[in-house]
Amino acid sequence: MLRKRILGDGVPLMPQSELDPAAETLLRAYIAELTSRPTYAEWQTTHFPPDGPLSPQAAPTADPDADGAPNRLEYLAATPPTSPNANPLAINLVTTPTPAPGGEYIFTFLHPAARSAIVETSTDLATWTRWLVPGNTPTWPATDTPRELRAPVDADRRFFRLRLDER
């Protein structure tokens with residue numbers, strides 16, 4: 001329906017304006033990517049023959065290549081579960097000039113195609129919330145996309161994690 005609304009294909013345009021060829025191309029690529037992504041069970045079957053989902057190595061929390069990324073993350077990041085990836089999403093956090101007020105957090109990562117990616121933060125490792133910085137909103141890009149989030153240092157100690165979702 002979204003595609004029909006954007007194209008004005010038998011229904012009113014949304015938003016009511018001229019056709020946007022770039023938006024149409026992006027939406028078509030996104031839909032194509034969604035339909036080409038395997039389900040988790042299909043991914044398990046591909047990477048853990050002959051037992052597929054029944055293999056203990058295929059469990060979502062298993063880490064058969066011992067790279068610190070469990071299978072669920074490997075699936076979401078579209079990285080191979082049996083080949084070590086020290087940093088499958090190319091995650092990098094730096095502070096400049098120092099991790100103190102007046103500096104800046106710079107968080108970069110590779111946002112996998114057709115996945116939502118949100119950076120969460122905590123000051124105590126017990127309570128996690130979405131990092132409230134510009135650009136840290138749920139998006140589902142059609143292709144793998146490098147992302148960078150920046151914000152002033154605002155705490156003596158801050159922890160970060162990247163939450164991926166397939167919805």
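The legends below describe several close-up views of a predicted model. In this predicted model, local features need pLDDT of at least 70 and side-chain atom pairs count only at pLDDT 80 or more, while totals for chains, interfaces and linings use all residues. Residues are numbered from 1 along each chain as its sequence is written, and side-chain values use heavy atoms, with hydrogens and water left out.

View 1. An open sheet is formed by 3 strands in the order 4-3-6, with antiparallel pairing. Helices (H or I, at least four residues) and strands (E, at least two) are DSSP runs numbered from the N terminus, and two strands pair if DSSP finds at least two bridges between them. Strand 4 and strand 6 stand at the edges with a single partner strand each, so one side of each is left without a neighbour in the sheet. Strand 3 is joined to strand 4 by 2 bridges and to strand 6 by 7 bridges. Among the facing residues, Glu120 has Arg130 in strand 4 as its bridge partner, and Ser122 stands opposite Phe159 in strand 6.

View 2. Glu120 belongs to strand 3 and is buried, with a relative accessible area of 11%; buried means under 20% relative accessible area, exposed over 50%, and partly exposed in between (1.4 Å probe, protein chains only). The side chain of Glu120 makes a polar contact with the side chain of Arg161 at 2.6 Å, and another with the side chain of Arg163 at 2.9 Å. A polar contact is a pair of N or O atoms within 3.5 Å; within protein, one must be able to donate a hydrogen and the other to accept it, and residues adjacent in sequence count only if both atoms are side-chain atoms. The side chains of Glu120 and Arg163 also meet in a salt bridge (2.9 Å, N to O), defined as a side-chain nitrogen of Lys or Arg within 4 Å of a carboxyl oxygen of Asp or Glu. Because Glu120 lies in strand 3 and Arg163 in strand 6, this pair ties together parts that are 43 residues apart in sequence. Arg163 is partly exposed, with a relative accessible area of 42%. Leaving aside residues up to four places away in sequence, Glu120 touches residues including Trp128, Trp131 and Phe160, where contact means heavy atoms within 4.5 Å.

**View 3. The largest nonpolar core.** This core has 19 residues, and those with the most contacts inside it are Phe107, Phe109, Val119, Trp131, Leu149, Phe160 and Leu162. A nonpolar core is a set of buried Ala, Val, Leu, Ile, Met, Phe, Trp, Tyr and Cys residues joined through side-chain atoms within 4.5 Å. The elements that give two or more residues to the core are helix 3, helix 4, strand 2, strand 3, strand 5 (145-152) and strand 6 (159-165). A search of the whole structure finds 5 salt bridges. In one of them, Glu104 pairs with Arg150, and the closest N and O atoms are 2.8 Å apart. Since Glu104 lies in strand 2 and Arg150 in strand 5, the pair ties together parts that are 46 residues apart in sequence. Glu104 is partly exposed, with a relative accessible area of 26%, and Arg150 is partly exposed as well, with a relative accessible area of 40%. Glu104, Glu148 and Arg150 are linked in a network of salt bridges. A salt bridge also joins Arg158 to Asp154, with the closest N and O atoms 3.0 Å apart.

View 4. Most residues other than glycine have a negative phi, and most peptide bonds are trans. The peptide bond from Pro49 to Pro50 is cis, with omega near -5°, and Pro50 lies in the loop between helix 3 (40-47) and helix 4 (71-77). Ala114, although not a glycine, has a positive phi of about 60°; Ala114 sits in the loop between strand 2 (104-111) and strand 3 (116-122) and is buried, with a relative accessible area of 1%. Leu125, also not a glycine, has a positive phi of about 65°; Leu125 is found in the loop between strand 3 and strand 4 (129-130) and is exposed, with a relative accessible area of 52%.
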